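Biologist: Please take me through the contacts in this model and give the rule behind each term.

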Amino acid sequence: MSQFKVQLLMDTGTVRVRDVVCSGECRHRSDEECTGATHLVFAYRGVFVRHVGRNDAVAEANQLLFFNEAEAYQISHPVEGGDACLDLVIEEGQLRELAPKDQLRAGGVLAFRRQRRRIDPRAQALVALLRHSLSRNVAETLEAETLALTLVRRSLGERTSHVAGASPGRQKLVDRAKLVLASDLSRRWTLAEIAAEVGVSPVYLTQIFQQVEAMPLYRYHLRLRLARALDLLGRYDNLTALGMDLGFSSHSHFSASFRQVYGRTPAEFQRSIRSR
């Protein structure tokens, strides 16, 4: 399809990594499709919604989505701008070894029980490191395979990921809030503005978001902005401009927030990408 640009970054038999960019022309639900293998999809730019029957999942930089083999799904882009994802296929035997048994469905076919898991900042950093290293052709195969397996292990770990626990109604409310945030990452949103878009009170929104995602709404939004910074660090020479473009009040605010979440300043992370 013309709206997709797919770049194969690595395929060793154990791990296949692709960079998939979608222009987002399909605003409403696409036709049904399915995959021939189980894919682990890490959105690192933009947002889309995956529909499996009556179950919807918002894909954005805080989430890992599972595309199970032969499972019918549809895609929509309610927010303009399209999306970009790092798509991983792990050899089935290796994936079974990595995936905790309680996350898999019973039966012979390898399939995850849920559509998504929330990943932590370290996993986001690994997504960026793996993608930048492979796209710049500076990672040796053994290193890149190890990075990919480390990313999957961390993303499936109970201590480093989170499954939203909520009724379908509360999950849909939280997902609507995520789409509002994704529509303009650099905007300095107020609770009242987001609540008005979602159609609930600010107090109710903060309570439900905390219950579903186990973190405050403001922190979730911060992680989305910083994940966008991970994506853009390879293109910006002026890090002050990058921070301002993402809505931070100053370079020091941007640098301190980035370091608190990822353990390194933007400049240090940028140097690690370019020096590999």
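**Salt bridges and the domain contact**

Modeller: The side chains of Glu71 and Arg105 form a salt bridge, at 2.7 Å from N to O. This is a predicted model, in which local features need pLDDT of at least 70 and side-chain atom pairs count only at pLDDT 80 or more, while totals for chains, interfaces and linings use all residues. Residues are numbered from 1 along each chain as its sequence is written, and side-chain values use heavy atoms, with hydrogens and water left out.

Biologist: Why is the pair Glu71 and Arg105 called a salt bridge?

Modeller: The term asks for a side-chain nitrogen of Lys or Arg within 4 Å of a carboxyl oxygen of Asp or Glu. Glu71 and Arg105 are at 2.7 Å, so the pair qualifies. By this rule the count comes to 16 salt bridges.

Biologist: What makes Glu71 and Arg105 a tie between parts apart in sequence?

Modeller: Glu71 lies in the loop between β6 (63-67) and β7 (74-76), and Arg105 in the loop between α1 (92-98) and β9 (116-119), so the pair ties together parts that are 34 residues apart in sequence. Helices (H or I, at least four residues) and strands (E, at least two) are DSSP runs, numbered from the N terminus.

Biologist: How do you know where domain 1 and domain 2 lie?

Modeller: An automatic or database domain assignment sets the bounds: domain 1 is 2-117 and domain 2 is 166-272. Their contact (heavy atoms within 4.5 Å) takes 13 residues from domain 1 and 14 residues from domain 2.

Biologist: Which salt bridge involves Asp175?

Modeller: Asp175 meets Arg116 through their side chains at 3.2 Å, N to O. Between domain 1 and domain 2 the count is 2 salt bridges.

Biologist: What does UniProt list for residues 175-272?

Modeller: An unreviewed UniProt entry lists "domain: HTH araC/xylS-type" there; such annotations may be inferred rather than shown by experiment, and positions follow the numbering used here, with feature names shortened. That span, residues 175-272, is 71% helix and 0% strand.
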